[in-house]
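Here are a few notes to read alongside the model. Have the sequence open as you go.

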Amino acid sequence: MISPYPLPRLESDTGQVYSFNKTLFTRPEFNVERFINLARHRASLDEIFADLRSYLKTVQEELVELINVEYADFVNLSSSLVSLNDVIERIGESTNNTFNKYCESTFQLKESANQLNDKREKLSKCYLEQINLRNKINFVESSKRFVDLLEEFPPELSRGQVERFSISIADLVNSFEACKETTDDNQNARDYDRVMTFIISKFTKLITESLKQKFREVNSKDIESIMSCLKIIDKENFPIDVISQDIILPTLDRCFEGKETLDKKLLICLDTVMKTRNKFLEESNNQVGTLTCHFIDSCLLKGLVESIKNNLASNVLIDDTTLFQKCFYELLQFVKTYPRGFENKNLLVSCLGQFNMYIYFKLITSVFSKKINGELGKATNKQLEDIEVSLPNLEYELDYDRYFSLKISKSLVKCFAYVSDEKIVLDPLLSKSWTFLISNFNKFISFLDKASELEFEESYKLPIAIISDLQRIEESVMGLCYGVYRQRLENLSIDWRTFGNVFNSFFDLLREKSTLFQKILMEITKKALDKYLIQVNDVPKSYRWTKKPMPESHSQYLINIIEYIDELENNFNIFGVEKEIKEKIILCIKEYIKDTFSRLSSNLIQSIQQTFSSLQRFKNREEEGTSNVSGNSSDESKMLKQLELDKLFVCSTF
């Protein structure tokens with residue numbers, strides 16, 4: 001429906017008035033229905049139709065004008081593109097012609113280059129054959145010169161002869177390596193190897209005899225040059241092995257003859273090695289070179305290894321651990337002080353390796369392991385009566401068999417003292433000894449855990465012995481730890497902190513177990529005291545219908561309690577329990593006695609008073625029973641008097 005009040009019509013850019021807005025056609029959200037709805041507010045449908053036809057005609061006219069304006073430029077561009085394509089085709093034809101001419105002109109040059117390359121390859125092959133032939137000639141000549149020198153090998157080499165051998169063998173090795181590099185024939189390579197092996201073998205044997213003579217004469221002259229020659233052919237170890245077997249070993253084996261003990265014979269052997277080495281150095285007027293030192297040390301130490309292996313075999317020494325300790329300790333000191341230790345490390349370690357350290361360690365520790373395992377087994381099997389408790393002697397602090405009460409405590413501390421002694425547990429065994437020590441610490445803690453589960457009944461000696469041993473174990477282990485063990489580790493440049501943390505953890509566990517056994521001791525003591533304190537309830541029996549006189553002192557059961565506490569305190573002193581722990585336990589016991597007595601006596605007094613009240617009521621009903629009632633009243637007074645005396649005694653004593 002057309003609005004009765006239509007909106008004004010819109011004027012276009014050309015002055016034409018339309019009933020709609022032309023910009024609506026160019027919007028992306030243009031919608032026909034919305035366009036009609038907006039336009040109907042301004043005109044009728046016929047008017048809108050007429051305006052749309054008029055607007056269409058205007059748009060078509062403007063489009064034609066726009067085409068006419070741009071048409072000339074478009075035609076010019078098309079003609080320019082056509083001419084450009086012609087230019088490109090002409091350039092392409094010119095380039096192809098030029099490239100074809102270039103190829104034709106370089107063909108002859110390529111042919112010349114190929115011919116030149118073939119000639120170069122032939123020359124290179126010829127050159128390589130010449131080099132190979134020249135290397136063969138050089139190898140033959142070098143071999144001939146060297147063989148001639150070997151044929152004239154003198155009984156004693158002079159410096160000049162050594163230099164000639166050095167030059168000749170260097171030439172021989174160089175020519176041999178050159179031949180090996182350039183030959184492609186396996187047969188030729190094997191021929192080179194055979195010739196070289198023969199020459200080197202002959203030279204090595206001759207030079208070894210010369211070195212043997214020098215070693216017998218303790219003459220280090222020219223050894224440096226000779227070893228340099230041997231180093232070139234990688235044969236420096238051959239004369240060392242021969243001299244160590246033929247000269248050094250027999251000399252050192254003679255040191256083990258005689259009636260002296262084995263450790264003294266070893267000292268003589270080690271002294272012979274050092275004297276021989278020093279004599280070589282003293283005889284040399286000039287400074288001894290590195291190769292000479294290596295030669296002398298290797299000969300001496302290889303002979304020493306074989307001599308130790310032959311004369312100090314482990315199957316001889318394991319029967320006597322003391323002798324084993326002495327021998328190994330002396331050898332260890334020799335190794336530590338031997339000159340050029342880093343360079344001779346492998347041979348020095350081989351000397352120590354001749355001792356069977358595993359068997360030795362098992363032997364020296366088996367006693368401790370057996371005792372500790374035995375005591376742990378008793379606690380595990382709840383064999384309380386088999387766990388021996390001896391009285392300690394507190395004056396013998398370093399005599400662990402007397403200083404501790406339990407076998408396992410003695411074995412544990414003796415074990416630690418043993419492994420801390422560098423003359424018994426030697427440096428190579430430190431790692432194994434630490435593992436052994438930690439294992440025994442764990443077994444000791446396990447023993448304490450199992451012992452805490454035992455049924456002690458009224459026997460308190462074992463808990464007291466454990467408490468006293470724990471405090472002394474901590475003192476003894478700490479003394480050994482910081483006085484001996486730490487110093488030994490630090491001398492070997494081992495970081496102490498990790499070990500210190502382990503010991504601190506062990507000490508913490510000992511204190512925890514000590515507190516646990518103090519509680520166990522308190523429970524045992526309370527059970528024993530209950531048997532005395534329960535006798536408070538027997539006071540009425542002592543005075544009812546007995547006609548006893550009025551009591552004047554405390555009861556006998558309190559005297560028994562005093563005797564029990566005195567005996568307990570005496571055991572504390574005998575076993576050396578710390579004053580602080582002893583006073584703490586005694587104080588707790590006394591508090592328990594007072595509390596228990598107060599509870600029992602209060603209940604008893606209340607019971608007595610109730611009984612007296614009942615009797616009094618009975619008296620009022622039955623007057624004929626007066627005499628009996630008065631007697632009971634007297635008994636009640638005696639009971640209360642006895643309890644009062646007991647209470648005063650308990651309060652004043654405990």
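1. First, a term: buried means under 20% relative accessible area, exposed over 50%, and partly exposed in between (1.4 Å probe, protein chains only). By that rule E453, at 48% relative accessibility, is partly exposed, and so is K382 at 47%.

2. Keep in mind that this is a predicted model, where local features need pLDDT of at least 70 and side-chain atom pairs count only at pLDDT 80 or more, while totals for chains, interfaces and linings use all residues. Residues are numbered from 1 along each chain as its sequence is written, and side-chain values use heavy atoms, with hydrogens and water left out.

3. K382 and E453 meet through their side chains in a salt bridge (3.9 Å, N to O); the term means a side-chain nitrogen of Lys or Arg within 4 Å of a carboxyl oxygen of Asp or Glu. K382 sits in the loop between helix 12 and helix 13, and E453 in the loop between helix 15 (430-451) and helix 16 (461-491), so the pair ties together parts 71 residues apart in sequence. Helices here are DSSP runs (H or I, at least four residues), numbered from the N terminus.

4. How many salt bridges are there by this rule? The count is 19. Another one joins the side chains of R472 and D469 (3.2 Å, N to O). Both residues are buried, and they are three residues apart in helix 16, about one helical turn.

5. Look at helix 14 (residues 407-420) too: ten of its 14 residues are buried, including I408, L412 and F416.

Key. Helices (H or I, at least four residues) and strands (E, at least two) are DSSP runs, numbered from the N terminus.
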